[in-house]
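Here is a short tour of a protein model, written for someone new to reading structures. Keep the 3D view open and look up each residue as you go.

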Amino acid sequence: MYGENAPPSWARLPGARCRAVEHLTKLEGLQEFELLAGLEEGFFQSIAISAEVLEIGAGTAIYREGQPSGAVYFMREGRVKLHRTSGGPKSRDQILGVVGDGSVLGLASALEGKPQSHGASALTDCVLYAVFRDDLVNLVLAHPEAALRLAQALAARNRELEDLVGDLVFHSAPQRVARMLLNLATEEGRVTKRGVVFEPSLSRQEMAEATGISREALSRALSRLAQEGILSLDGKTITILKPVELRART
């Protein structure tokens, strides 16, 4: 009846419309990733078929340090912290970074086929596309330009880690706090007549972990900046009143 224009067999099965809509939704979402912009249509069709949509609530671990790295995660929406935990009886976390929309998580460990070198936890509600390692390897083998894009993502992440090491080694605690506040304000703040207002996705403890200092040292640094009129503290909300002066402290 249909001849050469016959729809695929799955299109006539129950639920086919839902699967088709889901595929188109994933396809459109993946095409919005700046990292993947301009890649050929065949790549997007293939990765949309392979990808599973994950909706994760704030506070949920996406993966844990030391776990098998069987998938790579493309972040559509949300904020995630990357962190490592020191061993010993007095273990503590070091936050390696906070990433948002358009980021790729778990790439290095998955490509190496080794356990996760760090953990990733949702700071907000998140939507991610998960692609199993074997599917991703097949995709990049078939689409060399995609392999180059992922290599660039790895290089960018490596540079961020180098910057973090340099920050911890070469800058004082107050300087690190100032840099962290500016970074959070850039990603999460809104400009008002009074200043740049934001409610950090990081808790005070996590802010201390991100800067490699104690919670008490962080509180002292924030209080000093507030006393000097550079920022205002109102519960969880921070307002940067004098961004230029705060940048001078970095």
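## A salt bridge to start with

The side chains of Arg79 and Glu187 form a salt bridge, with N and O 3.6 Å apart. (A salt bridge here is a side-chain nitrogen of Lys or Arg within 4 Å of a carboxyl oxygen of Asp or Glu.) Arg79 sits in the loop between strand 3 (71-77) and strand 4, while Glu187 belongs to helix 6, so this pair ties together parts that are 108 residues apart in sequence. Helices (H or I, at least four residues) and strands (E, at least two) are DSSP runs, numbered from the N terminus.

Are these two partners buried or exposed? Arg79 counts as buried, at 12% relative accessibility, but Glu187 is exposed, with a relative accessible area of 54%. The cut-offs are these: buried means under 20% relative accessible area, exposed means over 50%, and partly exposed is in between (1.4 Å probe, protein chains only). The pair also belongs to a network of salt bridges that links Arg79, Glu187 and Glu188.

## What kind of model this is

This is a predicted model: local features need pLDDT of at least 70 and side-chain atom pairs count only at pLDDT 80 or more, while totals for chains, interfaces and linings use all residues. Residues are numbered from 1 along each chain as its sequence is written, and side-chain values use heavy atoms, with hydrogens and water left out.

## The chain as a whole

Zoom out for a moment. The chain has nine helices and twelve strands, and its C-alpha atoms fill a box of roughly 80 × 45 × 30 Å, taken along the principal axes. Of its 250 residues, 40% count as buried.

Now for contacts, meaning heavy atoms within 4.5 Å. Among contacts between residues at least 6 apart in sequence, 69% join residues at least 24 apart.

How many salt bridges does a search of the whole structure find? The search finds ten. One of them joins the side chains of Glu228 and Arg249 (2.6 Å, N to O). That pair links distant parts of the chain: Glu228 is in the loop between helix 8 (215-227) and strand 11, and Arg249 is in the segment after helix 9 (243-248), 21 residues apart. Glu228 is partly exposed at 37% relative accessibility, and Arg249 is partly exposed too, at 35%.

Another salt bridge joins the side chains of Arg133 and Asp134, again 3.6 Å from N to O. Arg133 is partly exposed, at 27%, whereas Asp134 is exposed, at 52%.

## The largest pocket

The largest pocket has a volume of about 1,500 Å³. Its lining has 48 residues, and the closest to the pocket's centre are Gly97, Val98, Val99, Arg157 and Glu160. Several elements give two or more residues to this lining, including strand 5 (93-99), helix 3 (107-112) and helix 7 (204-211). Which element gives the largest share? That is helix 5, with twelve residues.

By class, the pocket lining has 22 nonpolar, 15 polar and eleven charged residues. (Ala, Val, Leu, Ile, Met, Phe, Trp, Tyr, Cys and Pro count as nonpolar, Asp, Glu, Lys and Arg as charged, and the others, Gly among them, as polar.) Domain 1 (16-168) and domain 2 (171-248) each give at least three residues to it; the domain bounds come from an automatic or database domain assignment.

Here is how pockets and cavities are found. On a 1 Å grid over the protein atoms alone, a cavity is a set of points where a 1.4 Å probe fits but cannot get out, and a pocket is an open set with protein on both sides within 12 Å along at least five of seven lines; lining residues have an atom within 4 Å of a point. Grid points are joined across faces, edges and corners, and a volume is the space filled by probe spheres set on the points.

## A cavity

The structure holds one cavity of 30 Å³ or more. Its lining is made up of Leu36, Phe43, Ile47, Phe74, Leu136, Val140, Ala146 and Leu150. By class, that is eight nonpolar residues, no polar and no charged.

## Two residues to look up

Arg149 lies in helix 5 and is buried, with a relative accessible area of 15%. Gly235, in the loop between strand 11 (231-234) and strand 12 (237-240), is exposed, at 60%.
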